[in-house]
Amino acid sequence: MSHTEAAPGSSLSAHRRRRELAEAADGRTVDVLVVGLGATGAGAALDAAARGLDVVAVDAHDLAFGTSRWSSKLIHGGLRYLASAQFDVAHESAVERGVLMTRTAPHLVAAQPFVLPLTPLVSRGQASLAWAGLRAGDVLRLAARTPRPVLPAPRRLSAAEARHLAPAVRAAGLRGALLSWDGKVSADAALVTALARTAAAHGARVLTRARARELTGTGARVRDELTGEEGEIRARAVINATGVWAGTLADGIRIRPSRGTHLVLRSERLGALPAGLHIPVPGESNRFVLVLPQDDGRVYVGLTDEPVEGPVPDLPEVPEGDIGFLLDVLGSALDVPVGREEVVGAFAGLRPLLDTCAGGPAQRTSDISRRHAVLTSPDGVTTVVGGKLTTYRRMAQDAVDAAVAARGLRAAPSPTAALALTGAAAPGRLRALPVPRRLVRRYGTEAVAVHALAAGDPALAEPVLPGHPVTRAELLWAVRHEGALDESDLLDRRTRIGLVGEDREQADAGAAVPGSYTHLRAHENKGKLGCRLLLEKKKKNKTIAKNTVSPPVV
């Protein structure tokens with residue numbers, strides 16, 4: 001691979017989408033149709049394609065449009081599930097965390113330190129219980145065979161050490177802290193993009209803006225959301241991986257969505273944060289609010305676990321009650337007051353929890369198991385629901401296993417536990433790349449190619465937004481290789497600029513991003529892109545306008 005090129009066969013573009021959508025609907029029958037391109041759906045497309053099956057994967061919107069982009073960006077080892085005696089779920093989480101950190105995506109998933117401050121609100125009994133939990137989490141790491149250099153051991157901190165790692169924590173009455181480590185993904189949507197591109201490199205047709213209107217065990221009626229044209233994709237096996245929308249495409253599936261809300265703050269408000277924070281929720285023994293520093297100068301604070309009733313929205317709203325709860329917990333531990341006016345953005349994702357107690361007593365959504373389930377309908381549609389971002393690979397493997405068995409397909413065993421995603425490499429090779437670390441954490445080995453775009457054109461080296469690290473070269477890369485079709489794909493998913501309304505408006509309406517769009521079209525006119533870019537405003541297309549609104553901003 002040239003240092004200015006993407007991995008062979010992995011590039012997703014508007015041109016490739018048009019060609020492969022036409023091929024998918026030309027009357028032939030493929031082996032597997034996957035509906036939904038979140039982490040689990042993209043993972044299923046990769047799993048099936050890597051087994052040698054002919055795969056088409058579609059989504060009504062974009063890669064990572066739904067729940068997969070609204071996570072805490074954590075790849076966690078299942079510690080919280082030990083408290084509820086879900087030992088199998090905890091072990092599975094720890095194993096899958098290790099797979100991502102050591103084999104499949106070490107460029108995207110790295111160790112994240114967390115400090116749990118022992119404030120006066122944390123009793124000594126609670127502190128002892130928390131310490132026992134962290135030690136148990138380290139036993140999970142050992143059982144999952146994740147090496148100690150990848151995830152260091154938990155340890156106790158003095159008050160001085162705690163203040164060094166968490167300077168925003170209130171000093172009065174601070175007895176010290178507990179330090180632990182977990183996995184953190186640089187960007188959840190980037191993980192989904194890497195999965196989709198790796199699937200494409202193995203021959204899968206990955207088609208965004210392709211809505212499955214009717215689903216059966218032998219295929220789907222699909223509408224191109226860009227043109228309005230409809231066609232049929234025939235398949236020997238069909239996997240429904242649409243998350244919280246799974247029940248709208250398959251009979252007998254009951255989902256109880258749970259809303260997880262995060263706040264977005266400017267990092268300067270809390271000062272330097274060398275580590276994340278676990279802040280105990282007052283009055284609860286095993287519930288925490290997380291403070292999560294990000295690479296882009298922002299901090300996320302989350303999260304909630306609240307049931308959602310009624311129709312599932314494309315973009316969940318953030319209620320004021322969630323914001324107030326998170327600010328209250330934050331204020332219980334910090335020296336620095338954070339007011340409502342300092343919340344510059346917020347986002348909420350809906351967990352696709354399987355309702356297993358229909359007709360019985362209502363459960364808190366926080367008490368519903370995070371086990372995933374694979375269900376096959378009488379007409380042969382295989383649906384996968386539940387689970388979480390960390391275990392997407394195992395969910396995908398189980399879904400493909402079930403679909404292959406149900407439809408009598410011949411396929412090799414899943415190879416994905418050892419299959420490196422696009423951009424992945426050994427840590428030593430990643431550290432040796434002569435490019436900024438931020439790019440390596442986002443693009444892995446392809447960071448060299450992204451950096452070369454900027455080095456070859458000063459205009460592409462400019463930031464999209466003053467004070468934000470993303471450059472115009474990254475937007476060009478997203479259009480050429482990551483399947484971005486419009487400004488919402490770029491600002492809300494390939495980058496995280498859109499999480500802050502003020503930043504999105506500046507990037508969308510000001511000189512920076514439109515200038516980059518113009519620059520991209522100039523490259524196109526020179527023949528460098530080979531296809532028409534869909535980067536101008538889509539006001540004339542109501543379907544696209546409806547489906548690519550920005551995330552909720554408070």
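Student: Leaving aside its close sequence neighbours, which residues is histidine 468 in contact with?

Tutor: This is a predicted model, so read each contact as a feature of the prediction. Setting aside neighbours within four places in sequence, histidine 468 is in contact with Asp296, Arg298, Pro463 and Ile497.

Student: Is histidine 468 buried or exposed?

Tutor: For this you check the relative accessible area, and buried means under 20%. Histidine 468 comes out at 7%, so it counts as buried.

Student: Let's move on to charged pairs. How many salt bridges are there?

Tutor: The general idea is a side-chain nitrogen of Lys or Arg within 4 Å of a carboxyl oxygen of Asp or Glu. By that rule the count here is 42.

Student: Can you take me through one? What joins arginine 209 and aspartate 486?

Tutor: Their side chains form a salt bridge, with 3.1 Å from N to O. The two partners come from distant parts of the chain, 277 residues apart. Arginine 209 is in the loop between strand S7 (205–207) and strand S8 (210–216), while aspartate 486 is in the loop between helix H15 (472–481) and helix H16 (487–494).

Student: Are arginine 209 and aspartate 486 buried or exposed?

Tutor: Both of them are buried.

Student: Which residues are linked with these two in a network of salt bridges?

Tutor: Alongside Arg209 and Asp486, the network takes in Asp62, Asp489, Arg493 and Arg494.

Student: What about glutamate 230, which residue does its side chain meet in a salt bridge?

Tutor: That would be arginine 213, at 3.0 Å from N to O. Here the pair ties strand S10 (residues 230–240), which holds glutamate 230, to strand S8, which holds arginine 213, and the two residues are 17 apart.

Student: One more, please! How do I read glutamate 474 and arginine 438?

Tutor: Start with the distance: their side chains meet in a salt bridge of 2.6 Å, N to O. Glutamate 474 is buried, because its relative accessible area is 5%. Arginine 438 has 21%, so it counts as partly exposed.

Notes
Residues numbered from 1 in each chain as written. Predicted model: local features only at pLDDT ≥ 70, side-chain atom pairs only at ≥ 80, totals over all residues. Heavy atoms only, no water. Helix = DSSP H or I, 4+ residues; strand = E, 2+ residues; numbered from the N terminus. Buried < 20%, exposed > 50% of the residue type's maximum accessible area, 1.4 Å probe, protein only. Contact = heavy atoms within 4.5 Å.
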